[in-house]
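This report describes one protein model, from its overall make-up to single residues. Look at the sequence and the structure first, then read on.

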Amino acid sequence: MNKDFKIPPKSPSLLTSEDELVKRLSCLVGCNFQLTGKTRTDGSNIRKLIANKLEEFLLPVPVSPDEFEIVPPKRKGIPKITREFIDTYIITSGNSYNLQVWNRIPASNTLLIKYETGESLKCKDVRFVFVRIDILKNIIASIIILTPDYIEKNFGIFGKPTIKHQLLISSKVRKSIYESDDKTLFYPDTKNLSYLIRHNYQPPKFNMVEEPEQREIFSIQLLKQIVADKLIGQKLESAATKNRGQALERKVLELLGYTTNESELLFGAFPDIRNQLLEVKVQDSPTVDLGKYSPEIEEIVIPNLKITTYDIRYLIALTNPETEIIEGIILAPGEKLGEVFSYVSDQSYKCQRSIPMKFFDKYYGKAVFNPD
């Protein structure tokens with residue numbers, strides 16, 4: 001496969017439309033294709049076949065090296081045919097096809113490619129090209145192009161992988177925060193919280209560990225005023241990161257108006273300050289450990305208010321590892337973190353979704369996109 005296919009398009013808007021992809025690939029239906037029985041070899045051969053066919057047409061203009069950034073380390077999760085943001089899969093026989101997607105949450109908003117223009121390509125933008133092989137006739141029986149959203153709506157959500165979630169904050173983003181006027185990267189609350197929050201301060205009526213109540217949850221704008229702005233320049237004295245995290249949490253609780261003392265145990269669950277839907281983190285290295293829950297995957301964490309990981313507010317203190325002084329703050333709801341930072345794992349992982357073979361059977365002899 002031409003190595004230029006590894007280069008992203010100059011802009012997401014330049015990607016060939018799915019309908020046009022169908023037209024360009026439809027001529028492959030009925031063509032001979034001999035399986036070798038070796039999964040990697042067959043996968044590589046079908047990918048080369050798709051790429052060669054696409055190369056017969058005008059491809060999106062490639063982006064210049066200084067105009068974009070591959071967000072995941074080691075290109076993990078980036079689709080193989082990056083120029084058209086396509087991954088290819090071979091379908092053969094059986095009652096169902098077990099789709100396996102490696103190193104990305106398929107229907108998520110997590111960044112994969114970030115452009116200097118502010119544009120981006122995310123996990124949910126990857127197009128899945130399924131190539132059905134008739135193993136009796138050794139021909140390509142059909143080509144079906146599907147989006148992650150279509151797959152989840154029609155066949156159910158992808159299985160959640162068991163991984164240790166981490167957030168990678170690049171030195172470039174950290175530098176931009178330090179150079180900003182208020183040294184804070186800030187995003188407003190989710191729409192889901194709009195009817196639950198209050199914008200004026202009154203001392204908390206409940207304990208930090210108690211369930212949040214409507215109109216008793218401080219808006220994220222208020223959290224910025226009474227907490228984030230006052231943390232800049234403060235020192236977190238402790239040898240261990242865990243202890244620095246606890247020291248930060250106590251400072252935050254004090255600024256919020258909660259009563260605590262040094263001997264009192266902190267909540268230690270998710271989110272840290274449950275009464276205010278606030279998760280508190282300290283970051284003096286490239287990665288932030290997210291623990292059991294990650295906003296990369298939307299999950300309900302407080303059922304009675306339908307609060308999800310997207311709604312939880314994250315306060316991340318960027319500290320100088322030498323002076324232990326807080327030099328910057330990230331304050332954002334979970335749903336925004338993946339739009340700015342990269343989610344990483346310390347190991348490869350896969351998300352899976354079973355698709356009934358009868359779905360593919362319906363389109364034998366055809367090339368289609370997200371069919372009704």
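The secondary structure of the protein comes to 8 helices and 20 strands. Helices (H or I, at least four residues) and strands (E, at least two) are DSSP runs, numbered from the N terminus. This is a predicted model, in which local features need pLDDT of at least 70 and side-chain atom pairs count only at pLDDT 80 or more, while totals for chains, interfaces and linings use all residues. Residues are numbered from 1 along each chain as its sequence is written, and side-chain values use heavy atoms, with hydrogens and water left out.

The C-alpha atoms fill a box of roughly 75 × 45 × 35 Å, taken along the principal axes. Of the 372 residues, 49% count as buried. Buried means under 20% relative accessible area, exposed over 50%, and partly exposed in between (1.4 Å probe, protein chains only). Among contacts with a separation of 6 or more, 72% are between residues 24 or more positions apart; contact means heavy atoms within 4.5 Å.

**A four-stranded sheet**

Strands of a sheet pair through backbone hydrogen bonds, either parallel or antiparallel. Here, an open sheet of 4 strands has the order β9-β17-β16-β12, with mixed pairing. Two strands count as paired if DSSP finds at least two bridges between them. Strands β9 (184–186) and β12 (278–283) stand at the edges with a single partner strand each, so one side of each is left without a neighbour in the sheet. From one strand to the next, the twist averages 10°. Strands β16 (residues 313–319) and β17 (residues 326–333) pair in the antiparallel sense over 7 bridges. The bridge partner of L315 is L331, in β17.

Helix α4 (residues 171–179) packs on this sheet and touches β9, β12, β16 and β17; its direction makes about 105° with that of β17. Helix α5 (residues 220–231) lies across β9, β12, β16 and β17, at about 165° to β17. For these angles, axes are lines fitted to C-alpha atoms, for helices over the stretch in contact, and angles run from 0 to 180 degrees between N-to-C directions.

Most residues other than glycine have a negative phi.

The largest pocket has a volume of about 960 Å³. It is lined by 28 residues, of which R47, T88, Y89, Q100 and W102 lie nearest its centre. On a 1 Å grid over the protein atoms alone, a pocket is an open set of points where a 1.4 Å probe fits, with protein on both sides within 12 Å along at least five of seven lines; lining residues have an atom within 4 Å of a point. Grid points are joined across faces, edges and corners, and the volume is the space filled by probe spheres set on the points.

The elements that give two or more residues to the lining are α2 (39–54), β2 and β3 (96–102). Helix α2 gives the largest share, 7 residues.

K53 lies in helix α2. Is K53 buried or exposed? At 14% relative accessibility, K53 counts as buried. Leaving aside its neighbours within four places in sequence, K53 is in contact with R24, L25, C27 and L28.
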